[in-house]
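Open the model in your viewer and keep the sequence panel beside it. Select each stop as it comes up.

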Amino acid sequence: MEVFNLALLSRQAWRCLTEPLSLSARILKAAYYPNSSIFEAEVGSHPSQIWRAIYEGKEVLKKGLIRRIGDGKSTSIWNQNWIPRNFMMRALHPNSLNPPKNVVELIDTVERRWNRDRVEQHMQSIDASEIINIPLSSIPMEDSWACQYEHNGLFL
């Protein structure tokens, strides 16, 4: 029963993340994380029972979330999960002294493909080989959140 409850709470956190214009997401954001994302939100000093529960669900949700790369502009190379694999879905550590910060810096935006030289220059070989295999869309689109362990990427 506890696992089922956490799954339902995680679903509410997913809604706040993927449907930020919904009434419930806007109310929670205004009350608990007005100047940050749901991931930087804290429980706070006087949380409601609802927020405390969603906060627990958020922590569970984070374990399976991954960024799907569109244009790469809003995904941090070092601080977000974005490399699709079964362990450590973020880059390990830079291979250079002045590494790029966002995924877009590893993409040839004109050709819409990975800039292999930049990837290999800045990333560890274990990361570079995985990154080069991530398909990039030929249509410009924003990065988005997905559930890593669901085929369609949706939390249903």
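This is a predicted model: local features need pLDDT of at least 70, side-chain atom pairs count only at pLDDT 80 or more; totals for chains, interfaces and linings use all residues.

**Stop 1: the cores**

Select Ile77, Trp82, Trp114, Val119 and Met123. In the largest nonpolar core, which has 17 residues, these touch the most other members. Now colour helix α5, residues 125-132. That helix gives the most to this core, with 3 residues. In soluble globular proteins, nonpolar side chains tend to be buried together.

**Stop 2: the rings**

There are 5 aromatic pairs in the structure. Tryptophan 82 lies in the loop between β1 and β2, while tryptophan 114 belongs to strand β3 (residues 113-114), so the pair ties together parts 32 residues apart in sequence. Are these two tryptophans buried or exposed? Both tryptophan 82 and tryptophan 114 are buried.

Next, select Tyr32, Tyr33, Trp51 and Tyr55. They form one aromatic cluster.

Move to tryptophan 145. The charged end of arginine 67 sits over its ring, 4.6 Å from the ring centre.

**Stop 3: the salt bridges**

The structure holds 6 salt bridges. Start with aspartate 127 and arginine 85. Their closest N and O atoms are 2.6 Å apart. This pair links distant parts of the chain: aspartate 127 is in helix α5 and arginine 85 in the loop between β1 and β2, 42 residues apart. Both ends are covered. Aspartate 127 counts as buried because its relative accessibility is 0%. Arginine 85 counts as buried too, at 5%.

Go to helix α3, residues 49-62. Here glutamate 59 bridges to lysine 62, with the closest N and O atoms 3.7 Å apart. The two are 3 residues apart in the helix, so about one helical turn separates them. Glutamate 59 is partly exposed at 31% relative accessibility, and lysine 62 is partly exposed at 32%.

Then pick glutamate 19 and arginine 15. They form a salt bridge with closest N and O atoms 3.7 Å apart. Glutamate 19 is partly exposed, with a relative accessible area of 35%. Arginine 15 is partly exposed as well, with 25%.

**Stop 4**

Select threonine 18, in helix α1 (residues 2-18). How many residues along the chain separate it from alanine 146? The answer is 128, with the two C-alpha atoms 9.2 Å apart. Threonine 18 is partly exposed, at 34%.

**Stop 5: the surface patch**

Leucine 92 is in the loop between β1 (65-68) and β2 (107-108). Its relative accessible area is 38%, so leucine 92 is partly exposed.

**Stop 6: positive phi**

Most residues other than glycine have a negative phi. Methionine 88 has a positive phi, near 30°. Methionine 88 sits in the loop between β1 and β2 and is partly exposed, at 41%. End at arginine 112, in the loop between β2 and β3. Its phi is also positive, near 55°. Arginine 112 counts as buried, at 17% relative accessibility.

Note on methods
Residues are numbered from 1 along each chain as its sequence is written. Side-chain values use heavy atoms; hydrogens and water are left out. Helices (H or I, at least four residues) and strands (E, at least two) are DSSP runs, numbered from the N terminus. Buried means under 20% relative accessible area, exposed over 50%, partly exposed in between (1.4 Å probe, protein chains only). A nonpolar core is a set of buried Ala, Val, Leu, Ile, Met, Phe, Trp, Tyr and Cys residues joined through side-chain atoms within 4.5 Å. Rings of Phe, Tyr and Trp (its six-membered ring) pair if their centres lie within 6.5 Å; planes under 30 degrees apart count as stacked, over 60 as edge-to-face and the rest as tilted. A charge sits over a ring if NZ of Lys or CZ of Arg is within 6 Å of the ring centre and within 35 degrees of the ring normal. A salt bridge is a side-chain nitrogen of Lys or Arg within 4 Å of a carboxyl oxygen of Asp or Glu.
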